[in-house]
Amino acid sequence: MLTIQNLSAGYGELEILHNVNVKVNDDEIVALIGPNGAGKSTILKSIFALTTITHGTITFNAEEITQCKTHQLLERGISYVPQGRINFGDLTISENLAIGGKDIVEKQEYSERLAHIFTLFPVLKTKLSHTAFSLSGGEQQMLALARALMQKPKLLLLDEPTLGLSPKLQKELFTLLQHIRNLEHVSILIVEQNAKKAIESADRTYLLENGSIIMEGGKEIIENPKIQQVYLGGSY
Amino acid sequence: MSFPIAQLLANSLIIGSIYALVAVGFSLIYSTNRFVHLAHGATVVAAGYALYSTFTLLHLPFILACILTIALSSVIGFLMFKAIYEPLQKRKSSTVIMLIASIGLLTLIENLILLFFGADVKTIGLLEVRQGINIAGAIITPLQIVLVLTSLTLLTVFYLFMKKTTLGRNLRAVADHKELASIMGLNPTRLMAISFIIGSALAGIAGILIALEQNLDPSMGTDLMIKGFSGAIVGGIYSVPGSILGSYLVGTAENVGTWFLPSGYKNAITFTLLFLFLLLRPKGIFGVDKGVRE
Ligand SMILES: Nc1ncnc2c1ncn2[C@@H]1O[C@H](COP(=O)(O)OP(=O)(O)OP(=O)(O)O)[C@@H](O)[C@H]1O
Ligand SMILES: [Mg+2]
């Protein structure tokens, strides 16, 4: 579905990613792990044309999308939840969701989509007129995810959605993502800080260091000595 | 003479109504663009002179003259954005550069008006000065009543527009988080241009009202900008009701203050109020603590 091929990209003169290759298949959850500053976010940003791409291509369903405009990416079914401030804090929950669903023209279809989203995130339904910044950290992540899902994506790019959540909520979020994947047939490319959780929950994982992919594999890479030592040994 | 409280309040309401129109347009532009568009004041004066040209000089019907004036104001605002601000933003100019550019534009437009119309004051002369009406001890002319009602109606419509319409919501989204708005498929640059068009139309209406109420002179834009800017800061620049309330406060401070002090202190009073707020409550009356912004 998504193929990133020999991608070199960065910010202006500064190259961060060197010859990166990443693939996401249909209905697959793929995790990107690696230390702070490795370039995980930069990979997602590159898909959304927010970096300077110096080399390589990005294709989506056999169509090249390198440097596509945002609305073209959305039309093709790619949605992105960035890292950091992920909601319109001054807008209400309902307005945040409406921005996600702004391209749904039919009223009927819109309310059906909204009703469906509320079955996945029931907490949002009870706080429709609250401003987004009044939500808790977990609810904020839910809202951002819900807003992206309103766009009916085929591929969802999530940058550290578990950031700041308690271990219990992190676990719930991963379960929810798997549920959404099965239900919506959406592929998910997720950046995750917790290497163990990521490897366990994702179908495949890429390990990024200093802008290069240094390891790739399924759940079995949890046994890999390097992963064991560096990422699960407490130093990370 | 005893302290004429009713008259002072009436005068504050009248001038505050004009300041509020200047302030909400200014706030709208500020919140979506994040720079101080001081040339907004020049749009107000340009509108005053546009009304003078179309109505007083060309004898066009009043309504038509108003429509042309408002349209021209929007065009001026849009052109300032497209020709000056947008290219500067594309080059990632600092807020200081943007501020200097806006002062440059303010000076340029005021001087162009001076060049074309001269320094002597102009009067629109829509109505003969009529006998004022006595309302609770305050003398108010019918024109002033119309002015206040027009302003309050427009401010309400603008508030509802921002709260209830899709375009208003999208403008607030860009004001809140431009990068996210872009990621969600909104077009920030287009919405920033739209905020100039709408904000400048409001400036145009303020210009019409002030031209009907006072004599026009080319340098009044700076003065109005100071008042509108102060009103927006005092009330809370991201809040429509805040900017409105702040403007009425500025109008009141200036009217009550000049009852005790010579009228030459008018601007000093406004600045005192502005500094007090900048020092003690920089987010303004309606500012919120939790709405985190970088
Ligand atoms: N806008 C930018 N301009 C210049 N350099 C940047 C920019 N954004 C990120 N960088 C640099 O790119 C490198 C990779 O950043 P990136 O955000 O992709 O890392 P990350 O793997 O997502 O880290 P984290 O786990 O902290 O989120 C870092 O060295 C960072 O300083
Ligand atoms: Mg990151």
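Modeller: Ala, Val, Leu, Ile, Met, Phe, Trp, Tyr, Cys and Pro count as nonpolar, Asp, Glu, Lys and Arg as charged, and the others, Gly among them, as polar. The model here is predicted.

Colleague: What makes up the shell around ligand 1, by class?

Modeller: Five residues are nonpolar, six polar and three charged. Among the residues that come nearest are A:Asn36, A:Gly37 and A:Lys40.

Colleague: Why is the pair between A:Gln83 and ligand 1 called a polar contact?

Modeller: A polar side-chain atom of A:Gln83 lies 3.0 Å from an oxygen atom of the ligand. The cut-off is 3.5 Å between N or O atoms, so the pair qualifies. The backbone of A:Gly39 also has a polar atom 3.0 Å from a ligand oxygen. For A:Ala38 the distance is 3.2 Å, again to a backbone atom. The protein covers 63% of the 640 Å² of accessible area that ligand 1 has on its own.

Colleague: How do you know that A:Ser41 and A:Gln83 are donors of the magnesium ion?

Modeller: Their atoms OG and OE1 lie 1.9 to 2.2 Å from the ion. The limit is 2.8 Å, so both count. A:Ser41 lies in helix 1 and A:Gln83 in the loop between strand 6 and helix 3, so the pair ties together parts 42 residues apart in sequence.

Colleague: Why is A:Ser41 called buried?

Modeller: Its relative accessible area is 15%.

Colleague: What makes A:Gln83 partly exposed?

Modeller: Its value is 36%. That falls between 20% and 50%, so A:Gln83 is partly exposed.

Definitions and conventions
Residues are numbered from 1 along each chain as its sequence is written. Chains are lettered from A and ligands numbered from 1 in the order in which they are written. This is a predicted model: local features need pLDDT of at least 70, side-chain atom pairs count only at pLDDT 80 or more; totals for chains, interfaces and linings use all residues. Side-chain values use heavy atoms; hydrogens and water are left out. A residue is near a molecule or strand if one of its heavy atoms lies within 4 Å of it. A polar contact is a pair of N or O atoms within 3.5 Å; within protein, one must be able to donate a hydrogen and the other to accept it, and residues adjacent in sequence count only if both atoms are side-chain atoms. Accessible areas come from the Shrake-Rupley method with a 1.4 Å probe; for residues, only the protein chains shown count as cover. Donors are N, O and S atoms within 2.8 Å of the metal (3.2 Å for Na, K and Ca); water is not among the atoms, so sites may look incomplete. Helices (H or I, at least four residues) and strands (E, at least two) are DSSP runs, numbered from the N terminus. Buried means under 20% relative accessible area, exposed over 50%, partly exposed in between (1.4 Å probe, protein chains only).
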